[in-house]
Amino acid sequence: MLSKSLMNTKSNIITQFKNEIFSLQRFKTPLHSAVLDVGLQPIKNAFPGAEFPLGSIHEFLCETIEDVAATNSFIAGITSAFMRNGGVAIWISPTRTIFPPALKSFGISPEKVIFIDLQNEKEILWVIEEALKCDGLSAVIGETCHLSLITSRRFQLAVEKSSVTGFIIRTNPNNINATACTARWRVKHLKTVSENHLPGVGFPRFNIELLKVRNGKPGTWQLEWAAGKFTHISNVAVVIPQQQKKVG
Amino acid sequence: MCKRFVSIWFKHLTTDWFTRRNPALANLPFVLTAPSHGRMIIVAVNYLAQKKGIYAGMVLADARAIIPSLNVFDDKPGLADKLLFRLAEWCIRFTPFVSIDPPVSLILDVTGCSHLWGGDETYLTHIVNRLKIIGYSTRAAMADTIGAAWAVARYNESKKFVIEKGQQLEALLHLPPEALRLELDTIERLHKLGLRQIKDFLTIPAYSLRRRFGPEFIKRLNGALGVEEEIIQPIYPVESYRERLPCFEPIVTRTGIEIALQTLLEKICGRLQREEKGLRSASFKCFRIDGKIEGIDIETNSPSHNVAHLFKLFEIKLSSIQPDLGIELFVLEAQNVEDHSPAQEKIWKEPGDLNDNHLSELLDRLTVRIGAGRIHRYLPDEHYWPERSFKPAMSLQEKLTTEWKIERPRPLQLLSQPEPIEVTAPIPDYPPMLFRYKGKLHKIIKADGPERIEQEWWLQQGKHRDYYYVEDEDGCRYWLFRLGHYSTDKSYQWFIHGFFS
């Protein structure tokens, strides 16, 4: 009996310490955590505090244009959650191929997205940083080839002040360097399954890999996007043992 | 209110410009000529040539008879107008109202300006001396009316070029009738009649003068005497929201320019704030000592009178200003001004909507740096043709006029130009079995379609498209279409148009 209560206090103390460490590492507990209600519950558990980190930088690795399409849909799905009560997003890319009406099927009002088309890599990074500093925005989505450690740290410092969520899509995964981003993802297509084996294409499915996460557990999940939210296909998440080095 | 005007007469406008370009010409007599009816006619002479008795309008051969070693250059058509305009711009440092009076003079409305230079006399000498330093020999006069200033600048024989308030009649009395800017035949007739000075016909009643010399004559006379008001057209219309900052010493450093900009912005924004207005576009002009004007223009997405924000917008382009020898005048103008009532401050900051102040300020900064053509926002348009189903929004505030359509699946990535692919497909209307795109073979496992989208004949002629939503063996999903009907002559073509999520 005594030992059990002692255990309890011990674990309490440890959680308290953990939380303190998180706050020192500038992990903010989001104010509107209920906002992210798009069925991301299993993924949330991989993050410290079981909360999807808003107000931080997420980077996505893409190899082909198909990957970019899958990544964009995943980002759009997440972003739709915090754009529901009237947020605005900025989408920066060198070759803009986003079809605005299609964003509607991911729950985003396309008229609330501002697209910026730029060729020059330097200008893209400048625009992303300026946008991340602006607290009137909900999300900033930027597509770029190179992201150095210094640039990513600048981004991270910018969002810590403004609590904007940044999504950086990296289209050149051949030279992957260490960055200061909170999480590194890879999104791939999965074959769809139509209901009752009817012919035709089913709801889009994704294989989500969380490659690196600061203070969390990386993992892999399979999600399906249907009726405005993600559904977990197999509830058993494959947790990869922490083999990666610490990010940043 | 009593007005004051300065008329500047450039005695040798074009030839002075040639001398400026080539200082060796300063001690040589030379003329500018233009061909006319097979002869070379002199159009402009410099001071030395004029002293020898050569005048504009003379035939070149006659002038050569006077000075055999006369230098001759080709006249540049339109040069005088261009020079006058540049000089008028340069003169804005003395007064905001400068107008061109062709062919060779400028008119400055200097009402309330001269006291800044310490009086009429010093003001006028300052202008003439500055022009002399640049290399133009001029005569300038100041009077209450344009006509009087013009007349005194050209025909005054005494050294008195500043006509006191209300003294224009006395100044004009002894001048010849040419001083009234009359037509040539009127002048000739006046001389024939023995009216060689203005005082000779001032006493003649107006009705008999009008009968003999026409209404234009009376208008000129009244204009010079100040009975009738003359209106001038300034080269740049004066903006109602405009601030000037003249400098005692020429400014050459960036810090100096920043201080000037800050001061001007504070002045103009203070005024805008009091009047509950905000500016939409503004320009910052720097007048350099050497006569060039450097400028920056900015535009905002929503009316603003926020000094810090506007300063940031200008700051992005500030490095494009080259002070060179120094800047002596800064001017800030707000060309477009709109009503702007301050919004109530919020205690809790939430992610805002499109009307958010911070967002429009961000977009202003981006527009200044990367240009407006790169920033887009889209609204739905009522078309089925995919490329036309959305249109760019005109402003941040523009509202939806129709709903976004999502009944049919649409790809998130759409190629701006559909790209041709090689396809194997069972005829007539089955989805393709495999396709080759960029050298890679995709085997199709699942497919939806076709969805036919017809050309909108009132906009564009061409074949219809049959769209298929297909998934390959890797699980990647594409949007393919066939242009036109199946036919034996293979006139149809397959394209890939998009990538589904």
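Helix H6 (residues 146-155) of chain B and helix H11 (residues 215-225) of chain B have axes that come within 5 Å and cross at roughly 90°. That makes H6(B) roughly perpendicular to H11(B), a label for angles of 65 to 115 degrees. This is a predicted model, in which local features need pLDDT of at least 70 and side-chain atom pairs count only at pLDDT 80 or more, while totals for chains, interfaces and linings use all residues. Residues are numbered from 1 along each chain as its sequence is written, and chains are lettered from A and ligands numbered from 1 in the order in which they are written.

**The helix pair in chain B**
- Axes here are lines fitted to C-alpha atoms, for helices over the stretch in contact, and angles run from 0 to 180 degrees between N-to-C directions.
- From H6(B), Ile146(B), Gly147(B), Ala148(B) and Ala151(B) meet Arg220(B), Gly223(B) and Ala224(B) of H11(B).
- Helices (H or I, at least four residues) and strands (E, at least two) are DSSP runs, numbered from the N terminus.
- The contact of H6(B) with H11(B) has 4 nonpolar, 2 polar and 1 charged residues; Ala, Val, Leu, Ile, Met, Phe, Trp, Tyr, Cys and Pro count as nonpolar, Asp, Glu, Lys and Arg as charged, and the others, Gly among them, as polar.

**The sheet in chain B**
- Seen in order, E14-E20-E19-E18-E17-E16-E15 (chain B) form an open sheet of 7 strands with antiparallel pairing; two strands pair if DSSP finds at least two bridges between them.
- Strand E14 (413-420) and strand E15 (422-424) of chain B stand at the edges with a single partner strand each, so one side of each is left without a neighbour in the sheet.
- From one strand to the next, the twist averages 35°.
- E15(B) is joined by 3 bridges to strand E16 (residues 434-437) of chain B, and the two run antiparallel.
- Arg436(B) in E16(B) is the bridge partner of Glu422(B).
- H3(A) packs on this sheet, touching E14 and strand E20 (493-499) of chain B, and its direction makes about 155° with that of E14(B).

**Where chains A and B meet**
- Chain A gives 42 residues to the contact and chain B gives 46 residues; residues are in contact if their C-beta atoms, placed from the backbone, lie within 7 Å.
- H3(A) provides the largest share of the side of chain A that touches chain B, 7 residues.
- That side of chain A has 22 nonpolar, 11 polar and 9 charged residues.
- E3(A) pairs with strand E12 (residues 375-380) of chain B in the antiparallel sense over 3 bridges.
- Opposite Ile114(A) stands Arg377(B) in E12(B).

Notes: Two residues are in contact if their C-beta atoms, placed from the backbone, lie within 7 Å. Angles under 35 degrees count as roughly parallel, over 145 as roughly antiparallel, 65 to 115 as roughly perpendicular and the rest as oblique.
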